[in-house]
Amino acid sequence: MNIIIKGALGVLLAVTVVGCAGTREYVVPGQTPAAGADAEITVERQDETENWTVEVTVEHLLPPGRFADSLTVYAVWLRAADGQPERVGVLDYDGDDREGELTVTTSLPSFELLITGESAPTAVTPSEHVVLRTDVEPE
């Protein structure tokens with residue numbers, strides 16, 4: 001199934017979604033300024049709880065300092081439909097391989113996922129340096 005989402009600068013991006021037995025997988029292209037990046041997001045329901053495991057893997061992602069000198073990390077944010085974005089962590093980023101990954105647990109079955117370049121891993125709100133954005137919906 002294909003879902004069309006609206007990216008930051010009004011660019012439409014195609015997001016491929018594959019799901020089976022409580023697992024949803026999303027293949028998401030980066031957006032300007034990281035248009036060459038590709039992300040795989042896997043969301044899996046934990047059997048014993050009402051929680052979800054979210055695995056984010058990004059490839060071909062330039063170092064954050066290439067977008068702005070002050071940027072040092074990539075933060076991952078989740079935002080419920082009726083809420084503010086919450087930073088759930090930073091990508092474990094390898095500048096040599098230009099790859100990053102993060103695994104988190106959330107109680108949200110649906111959310112918007114953002115990855116932003118930040119000047120510190122403790123940012124409390126997302127910067128305008130959005131490199132990836134997608135909506136994660138229930139099965």
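Okay, a bit of housekeeping. It's a predicted model, so local features need pLDDT of at least 70, side-chain atom pairs count only at pLDDT 80 or more, and totals for chains, interfaces and linings use all residues. Residues are numbered from 1 along each chain as its sequence is written, and side-chain values use heavy atoms, with hydrogens and water left out.

How far does the predictor trust this? pLDDT is its confidence in each residue, from 0 to 100. The chain averages 84, and 84% of its residues reach 70 or more. Watch residues 1-20, though: pLDDT stays under 50 there. The model still has 45 contacts beyond four places in sequence for that stretch, where contact means heavy atoms within 4.5 Å.

Now the layout. There are zero helices and 11 strands. Those names come from DSSP runs, numbered from the N terminus: H or I of at least four residues for helices, E of at least two for strands.

Let's zoom in on β4. On one side, seven bridges join it to β3, and the two run antiparallel; P29 stands opposite D38 in β4. β4 also pairs with β5, again antiparallel, over eight bridges. Pairing here needs at least two DSSP bridges between two strands. β4 and β5 make a hairpin with six residues between them, and R45 stands opposite W52 in β5.

So what's inside? Of the chain's 139 residues, 41% count as buried, meaning under 20% relative accessible area with a 1.4 Å probe, protein chains only. A nonpolar core is a set of buried Ala, Val, Leu, Ile, Met, Phe, Trp, Tyr and Cys residues joined through side-chain atoms within 4.5 Å. The largest one has 24 residues, and I41, L91, L113 and I115 touch the most other members. Several strands each supply at least two residues, among them β3, β4, β9 and β10, while β5 gives the most, with four.

Have a look at L113. Leaving out residues up to four places away in sequence, L113 touches I41, V54, V56, V76, W77, L78, L132, R133 and T134.

One last number, on reach along the sequence. Take contacts between residues at least 6 apart: 50% of them join residues at least 24 apart.

Note on methods. Buried < 20%, exposed > 50% of the residue type's maximum accessible area, 1.4 Å probe, protein only. pLDDT = per-residue confidence, 0-100.
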